[in-house]
Amino acid sequence: KQWYQRRVAITAGHYDCFWGPTYVKQSVDKERVWGNFDGISVLIVEDQEKLHLKIKGKAMPKTAVKQAVKEEKAAEKLAVYTDSAPDIIIVTMIEKAFEKSKMTDINKLFSAYKIDKQKKKRKADLIKILMDTELTVFPGFVYSCIDKTMTANDLKSTLQSRNLKVSGNKPTLIWRLLETQNIAKSNDIFEWPSDADKKKRKVKKEQEKRWEQGDFSDDDYYSSRHDVYKKDEQDSPIVLASR
């Protein structure tokens, strides 16, 4: 606590020297605004608020606090990718992917890779079995977990911190990361049933919305003054007669 207080006090002193009301602005200096005070962003949000109150005599604006929290979380996220070992990153991403998984996903995993359920039925027990399984057993599944939980920029940060190439598209970056753990490339990528269900619901919802607005244009449907019907369906006798 004393160290934090000392750090804030020192920073406040520097602020008074270079950005305080008695400072004479030079032609090469930045505009004298809070955001241009170098070093603010490296402080934890709590210290930023204390410093702002000490210097400005009023609380840090809510918008500035919100932005500081956002930047702090981004820095913490980046640290996970740059400071952790590849195997830790991969396992963490698998755990993260499991957080929103459904039983249909779990059951498909056991079936697709022929893994013994050991007579377990609870989701938590089944996930533990999968987490204890060697990653080389299901490379396509590990790939899908990384794809679900990491962006291309996340992957580049991870690879760059280990002096590995960062060129190529996202699939290339994923396999390059997995290669560090001797996980062989596979064309059999695991598809999560829950993701497929979400896509179907989204497509159906968008289609219903278009129909509510009177837009019946769709690749699978024809529309006319007489009817709206699927391309692979035959016209009813009534529609034929009306035509």
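**Close-up views of a predicted model**

**View 1. Asn-163 lies in the loop between α8 (152-160) and α9 (170-179).** Helices here are DSSP runs (H or I, at least four residues) numbered from the N terminus. This is a predicted model, in which local features need pLDDT of at least 70 and side-chain atom pairs count only at pLDDT 80 or more, while totals for chains, interfaces and linings use all residues. Residues are numbered from 1 along each chain as its sequence is written, and side-chain values use heavy atoms, with hydrogens and water left out.

**View 2. Lys-119 sits in the loop between α5 (103-112) and α6 (123-131).** Lys-119 is not a glycine, yet its phi is positive, at about 65°; its relative accessible area is 84%, and Lys-119 is exposed.

**View 3. Helix α4 (residues 86-99) packs with α6 at an angle of about 155°, their axes 12 Å apart.** The axes are lines fitted to C-alpha atoms over the stretch in contact, and angles run from 0 to 180 degrees between N-to-C directions. The two helices, α4 and α6, are therefore roughly antiparallel (an angle over 145 degrees). Val-91, Ile-94, Glu-95 and Phe-98 of α4 meet Lys-123, Ile-127, Leu-130 and Met-131 of α6 (heavy atoms within 4.5 Å).

**View 4. Confidence in the protein is lowest in helix α1 (residues 2-19), with a mean pLDDT of 52, and highest in α9, at 96.** pLDDT is the predictor's confidence in each residue, from 0 to 100. Where pLDDT is low, the predicted coordinates should not be read in detail.

Technical notes
Buried < 20%, exposed > 50% of the residue type's maximum accessible area, 1.4 Å probe, protein only. Parallel < 35°, antiparallel > 145°, perpendicular 65-115°, else oblique.
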